[in-house]
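Let's take a friendly walk through this model together. Have the sequence and the 3D view open side by side as you read.

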Amino acid sequence: MEILFSNIEDVEPEGEPQPEPQPEPQPEPEEESVVVPEREPSEQRPSILKVSARSRPSSVAGAIAGVVRETGRAEVQSIGAGATNQAVKAVAIARSYLEEDGIDIVCIPGFVEVMIEKEERTAIRLIVEQRV
């Protein structure tokens, strides 16, 4: 059994008061800087954004816009009608986000086979790229 003594105060013996112990000075931590080498957009592997039927199109659109700004290309993957509906809406919204920056995009739809829980499923993959 554990007993906690949280409400008992320190009691000093009668006589001269004991000086309070001073905390030892801690050396200031040295600042570390991490340098991440920047890669050219053509060297970066495109991200696959997976969309579900419950995904918020505006959030997915923001992710698409960010990836397209950074790399020039994003891949959006969905399985099922509800998820594909959200993905297509997200591409349309992302187009308006990128339009503000003067970036025009195109969407290339296609099918891809994916393994989910040891089962092969057909997914829709939307490749979103900057229009050349």
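Start at Ala-83, which, leaving aside residues up to four places away in sequence, touches Val-51, Ser-52, Ala-53 and Ser-78. Keep in mind as you look that this is a predicted model. Ala-83 sits in helix α2. Is Ala-83 buried or exposed? Its relative accessibility is 2%, and because buried means under 20%, Ala-83 counts as buried.

Now step back to the whole protein chain. You will find two helices and four strands, arranged along the sequence as β-α-β-α-β-β. Of the 132 residues, 27% are buried. Among contacts with a separation of 6 or more, 67% join residues 24 or more positions apart. The chain exposes about 11,000 Å², with carbon and sulfur atoms supplying 50% of that area.

Next, look inside. The largest nonpolar core has 19 residues, and those with the most contacts within it are Ile-64, Val-68, Val-76, Val-91, Leu-98, Ile-105 and Val-128. Two or more residues each come from β1 (48-51), α1 (57-71), β2 (73-78), α2 (81-99) and β4 (119-130). Helix α1 gives the most, with six residues.

Setting aside residues up to four places away in sequence, Val-128 touches Ile-64, Val-68, Gly-72, Arg-73, Ala-74, Val-76, Val-91, Ile-105 and Val-106.

How values were computed: Residues numbered from 1 in each chain as written. Predicted model: local features only at pLDDT ≥ 70, side-chain atom pairs only at ≥ 80, totals over all residues. Heavy atoms only, no water. Core = buried A, V, L, I, M, F, W, Y, C linked by side-chain atoms within 4.5 Å. Buried < 20%, exposed > 50% of the residue type's maximum accessible area, 1.4 Å probe, protein only. Contact = heavy atoms within 4.5 Å. Areas by Shrake-Rupley, 256 points an atom, 1.4 Å probe, with all protein chains shown as cover.
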